[in-house]
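Subject: Structure handover

Hello,

Here is the structure I promised to pass on. Please have a look at it before reading my notes below.

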Amino acid sequence: RVNEFFAKRYKKLMLASIVTSCCVAVSLNLLGPELMTRLGASDVSLKILTIASLGNVFLSIFVANSMFATFLNGVKALAIIALFATLILALGGFVLAPGGFENIAYAFLASTAVSAVLSFLYMMRIINSASSIFFAKF
């Protein structure tokens, strides 16, 4: 029963995180072109905004997974995932930057997507034993 409770809470957290971040991303992508033209920004800025807004959806998934895993004492694996994502961002940015500054946004997108997927897989592994992990803290 405790595992079911944790699983339901995790689903609610993920649903809230995904819906909220998707709403913000869609809003940015709908309002972005109008705001960019009024502010005098370039097409490159709009491209970066579009890519980064999708990356922020993945980032919110990683953050939600991190919050839940921290509650269950699973910080070490998430620190490794964050380090790996940082390496992807740094190396990807280094490789893509000569092609244009806007291409670094693709490294951000790849980094956040990897962190979201890996943290989700980690949560799927530990959610089944959530009660054991939680009560082992006490």
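α1 is followed by G40, whose phi is positive, near 80 degrees. This is a predicted model, so local features need pLDDT of at least 70, side-chain atom pairs count only at pLDDT 80 or more, and totals for chains, interfaces and linings use all residues. Residues are numbered from 1 along each chain as its sequence is written, and side-chain values use heavy atoms, with hydrogens and water left out.

Helices first. They are DSSP runs of H or I, at least four residues, numbered from the N terminus. The expected span of a helix is 1.5 Å times one less than its number of residues.

Helix α1 covers residues 2-39. Its 38 residues should span 56 Å at 1.5 Å a residue, and the end C-alpha atoms are 52 Å apart, which agrees. There is a bend in α1 of about 45 degrees at G32. That bend is the angle between axes fitted to the seven residues ending there and the seven starting there. A proline, P33, follows within four residues.

Helix α2 covers residues 43-71. Its 29 residues should span 42 Å, and the end C-alpha atoms are 42 Å apart, which agrees. After α2 comes N73, and its phi is positive too, near 70 degrees.

Next, burial. Buried means under 20% relative accessible area, exposed over 50%, partly exposed in between (1.4 Å probe, protein chains only). The buried residues of α1 include S17, S21, A25, G32 and M36.

Now the rings. Rings of Phe, Tyr and Trp (its six-membered ring) pair if their centres lie within 6.5 Å; planes under 30 degrees apart count as stacked, over 60 as edge-to-face and the rest as tilted. The whole structure holds 3 aromatic pairs. One of them is F6 with F68, edge-to-face, at 6.4 Å centre to centre and 85 degrees between the planes. F6 lies in helix α1 and F68 in helix α2, so this pair ties together parts that are 62 residues apart in sequence. F6 is buried at 5% relative accessible area, and F68 is buried at 8%.

Y10 also pairs with F68: the centres are 5.4 Å apart and the planes at 65 degrees, so this pair is edge-to-face. Y10 is in α1 and F68 in α2, so the pair links parts 58 residues apart in sequence. Y10 is buried, at 4% relative accessibility. Ring pairs join F5, F6, Y10 and F68 into a cluster.

Best wishes

Conventions: Helices (H or I, at least four residues) and strands (E, at least two) are DSSP runs, numbered from the N terminus.
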